[in-house]
Structure formats: structure tokens, C-alpha cells
Amino acid sequence: MKFGEQLKSEELEVMRRAQNIVFVTGAGMSQESGIPTFRGNDGLWRNYDPMKLATIDAFWNDPKLVWEWYNERRQGMLVAKPNAGHYAVAKFEEYVDVTVLTQNIDGLHQRAKSSHVLELHGNIIRTRCTECDFADKQAKISSIPPMCKCGAILRPDVVWFGEELPQDVWQDAMISACKCDIMIVVGTSLAVSPANMLPIYAQQNGATIIEVNPEETAMSEDIDYTIRDTAASYLPGLVDTFGKLRSRF
Ligand code: BV8
Ligand code: ZN
């Protein structure tokens, strides 16, 4: 049964009580915007091995190759549009406090007008210098690899495997996970740490966990409600149900 469909009493209670919802999203959230996931059937792993390219060693080993991969993904993300799932996540803000903890680097939650988004793994549109503190939000990539005025190479402002997440972002993400009433985990295989710890922190602090994913994940059997559906087809119905419920109180 899908959470929110038959509105069983405990689901009603969970939705009635909720003041604070946290979404944890991964590549599957943007799949219906045409951005390939890492590990799903259409996954990036098919053509490249992100473990071999999304690392600081790969970058220093062959900055041109890594930048070609990022520039190709960047072009795709720049023309991608938020899907109905992103807009539904933003719509929840009409009823409760919402924090979006995303592993995605495409900026689509912000473009769908979610107002509190923490980018756990950075953002592909931004670049920063590998030497000085130069950073660029909407960097036009004029050469591959792009160079800083100081003469050093610029890098995508993303977190590579083996790199720490930005400490301030990670602290805020953990606090949000521990404080939420409901955590909705959308489009992530929960294969990557430490992001995959967030549902555990939430559950340890009494939150109800809902997972929206057409496939089984590493955490499915410990999750309160697993919805075998996609982000864009399930989330709009859920936020409508939520809205109807909340307008009655
Ligand atoms: C850290 C940015 C510590 C870059 C990313 C062994 C060796 C080496 C390292 C490790 C190791 N074991 C553990 C590690 C740590 C490592 C890690 O977890 N590795 C994994 C692979 C085992 N983690 C790290 O390195 C992290 N840093 O631990 O630092 C540290 C401490 C102190 C000092 C120094 C270091 C950093 C991790 C961040 C890596 N960067 N991205 C880029 O994007 O290029 S991770 C990358 O994977 C993306 O962010 C992506 O989002 C993320 C996770 O993948 P998912 O989002 O879950 O995507 P995936 O394809 O896997 O799943 C998609 C899901 O969606 C599927 O389940 C599918 O069914 C579903 N789906 C498909 N369509 C839909 C859908 N769902 C809904 N609707 C749909 N339509
Ligand atoms: Zn510089």
C-alpha cells in the first residue's frame, strides 16, 4: 500500500502531527528531468566509473579528462528542468517547515523554489580555484581545464569521493535529520556515506521514514513506509493529500 493512499489511521496521525519534514534526495530525484543516475539502469556507471573520475586523484592525474566529464554533465544539468517531484517538494513548504538535504549537484531543487536546500555534495555549476580563494557561481567554462587568474586550475565545486563534506553543511544536515518528524528519502540508493547515515539519525530520534524509489535500497527493510514509485509520479499526490489534511485542522 502506498503511504497516504488509504490514509490509514497511523498515517493520518503521522501527517497531522508533522511540523518539520526533511527530504534526503539523490540522483533518482532528477532522473525524470533527464539527468542520468549513478547506479540505476540508465546509470552513469554504464559509460564512466564515477569512482575513477569523481576523485581528487583522478582530477590531478588528468584534469582535462575529468573536466570533459564534468562539462558534459554540466551542459545537461544547465538545460534540465525541475520535474513534478521537485515542485511537489517545494509545495510542502506551504504546510510545514521543509529542509532538503540533497546529494545532487544540479541545483534543480532551488530552481523549483525550495527555499532551504543543503547541497551535501556541492554544485556542478559553481567552480572554485585549487589554489586561491577565487570562486565563481555561474562560471562560463571558456577552456578545458578552466584556469584561474592566479594561474592555477579551477575545479568543479563538488565533493569528490575521499573528500570531506563541507563541515558547516554536514553539521546542519545532521541537526535537521535529528529534529524532523518525517524524513522522506527520494531517489537514492543510500550507497554513499556519510549521507546514507541521515535516515538512521532521523529514525533514532523518532522520525517516521518514507522511502520513494522504484527499486529496493540498502535500507528498505528498516524503513517505515517504502513506496515503489518514482519521484515525479508519487510526490505530487502526497503533497495534495497532505494539503487536504492540513486544511481540515
Ligand atoms: C567521505 C558529487 C570521509 C560528485 C558525489 C571505500 C573506498 C573509498 C571511499 C569509501 C569506501 N567506503 C566508503 C567510502 C566513503 C565514500 C563512499 O561512500 N563511497 C561509496 C561509493 C562506497 N564517501 C566519500 O568519499 C564521501 N566523503 O566519506 O569523506 C573523510 C573524512 C575525513 C577526511 C577526509 C575524508 C564523499 C562522498 C561524495 C561523493 N560525491 N557526488 C559528482 O556528482 O560527480 S556522490 C554521488 O553519488 C552523487 O552525489 C550521487 O547523488 C551520490 C549517491 O548516489 P545516489 O544519489 O544514491 O544515486 P544512485 O544512482 O546510486 O541511486 C539512484 C537511485 O534512484 C536508485 O536507487 C534508483 O532506483 C532510484 N531512482 C531512479 N529513478 C528514479 C529513482 N527514484 C525515484 N524516482 C525516479 N524516477
Ligand atoms: Zn586562483
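## Exercises on aromatic rings and a histidine

The structure, which is a predicted model, holds seven aromatic pairs.

**Exercise 1.** Work out which kind of pair the rings of Trp 69 and Tyr 70 form.

*Solution.* A pair of aromatic rings is described by two quantities, the distance of the centres and the angle of the planes. For Trp 69 and Tyr 70 the ring centres are 5.0 Å apart, and centres within 6.5 Å count as a pair. The planes stand at 70°, and since an angle over 60 degrees counts as edge-to-face, the pair is therefore edge-to-face.

**Exercise 2.** Decide whether Trp 69 and Tyr 70 are buried or exposed, and describe the surroundings of these rings.

*Solution.* The cut-off for a buried residue is a relative accessible area under 20%. Trp 69 has 2% relative accessibility and so counts as buried, and Tyr 70, with a relative accessible area of 3%, is buried as well. Both residues belong to one aromatic cluster, which they form together with Phe 59, Trp 60 and Trp 160.

**Exercise 3.** Locate His 121 in the chain, and then find which backbone oxygen its side chain reaches.

*Solution.* Begin with the position: His 121 lies in the loop that runs between strand S3 (117–119) and strand S4 (122–129). Next, its relative accessible area of 13% is under the cut-off of 20%, so His 121 is buried. Finally, the side chain of His 121 reaches the backbone oxygen of Gln 103 at 3.3 Å. Beyond its neighbours within four places in sequence, His 121 is in contact with several residues, including Thr 102, Ile 105, Asp 157 and Leu 165.

Notes: Residues numbered from 1 in each chain as written. Chains lettered and ligands numbered in written order. Predicted model: local features only at pLDDT ≥ 70, side-chain atom pairs only at ≥ 80, totals over all residues. Heavy atoms only, no water. Phe/Tyr/Trp six-rings, centres within 6.5 Å; stacked < 30°, edge-to-face > 60°. Buried < 20%, exposed > 50% of the residue type's maximum accessible area, 1.4 Å probe, protein only. Helix = DSSP H or I, 4+ residues; strand = E, 2+ residues; numbered from the N terminus. Polar contact = N/O pair within 3.5 Å; in protein donor to acceptor, adjacent residues only side chain to side chain. Contact = heavy atoms within 4.5 Å.
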